[in-house]
Amino acid sequence: MAPCLSVVIPVFNEKATIEKSLAAVLSQPMVQEVVIVDDCSTDGTVEILERICAEDPRLHLIRHKVNQGKGAAVSTGFQNVAGLYTIIQDADLEYDPREYGRLLQPLVDGDADVVLGSRFIGGSSHRVLYFWHSVGNKLLTLLSNMATNLNLTDMECCYKVFKTDLLKRFRIEEPRFGIEPEIVAKVSRLGVRIYEVAVSYRGRTYEEGKKITWKDGVRALICIAKYRFG
């Protein structure tokens, strides 16, 4: 697959994984550019990013002077992409860039306008972690589906791939993890073709750096209601 994909990576204090993550992303032949948005990291991540970005012209580093949250970083990234397609990639190695080809296929074939990853369909592997997280995820997906009339299995999945021109048709408002239900709600109203593709998942524990909390789950509930109509 020829280079056609812009990868947006929001980053905040990912010193332990960022170099390995970028190497995995850049090794994929369809990657045209990587837009890294550092959300005011304080752990030495920036120094690593500046060194790596100087070595590969496909890497573009944007820095927030104040920490604003994942949603704000993704929004900044969306405003600076040039590829035919755009994907969101976390910097923590929970999701595998080797699956880009599978995610892109419905778009390249002309069947889809948006492709969402799912950790809960197909035979892809996933790390066994928190029971109540899985319950909360399924509940949020159910409520999101009720609000959007979609039949998704994993609304909260990070992997979301778009035809880049679609990004001009909606604006991200949520600064943190509320972007997942917000994006799904706004895309659902565009009347575009949405596909789901199975992806693997290597989740982290909180000791390993996981950042999402129960407060983000509460915010997701609010976002499902907030963005149902507007």
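Strand β2 (residues 31-38) runs parallel to β3, and 5 bridges join them. Two strands count as paired if DSSP finds at least two bridges between them. In β3, L61 stands opposite I36. Helices (H or I, at least four residues) and strands (E, at least two) are DSSP runs, numbered from the N terminus.

This is a predicted model: local features need pLDDT of at least 70, side-chain atom pairs count only at pLDDT 80 or more, and totals for chains, interfaces and linings use all residues. Residues are numbered from 1 along each chain as its sequence is written, and side-chain values use heavy atoms, without hydrogens and water.

Now the whole sheet. It is open, with 7 strands in the order β3-β2-β1-β4-β6-β5-β7 and mixed pairing. β3 (59-63) and β7 (194-198) stand at the edges with a single partner strand each, so one side of each has no neighbour in the sheet.

Turn to helix α4 (residues 100-108). Here Y100, L103, L104, P106 and L107 are buried, meaning under 20% relative accessible area with a 1.4 Å probe, protein chains only. Just after α4, G110 has a positive phi of about 85 degrees.

Q89 sits in the loop between β4 (85-88) and α4. Q89 counts as buried because its relative accessibility is 2%. Its side chain makes a polar contact with the side chain of Y100 (2.7 Å). Such a contact is a pair of N or O atoms within 3.5 Å; within protein, one must be able to donate a hydrogen and the other to accept it, and residues adjacent in sequence count only if both atoms are side-chain atoms.

Key
Buried < 20%, exposed > 50% of the residue type's maximum accessible area, 1.4 Å probe, protein only.
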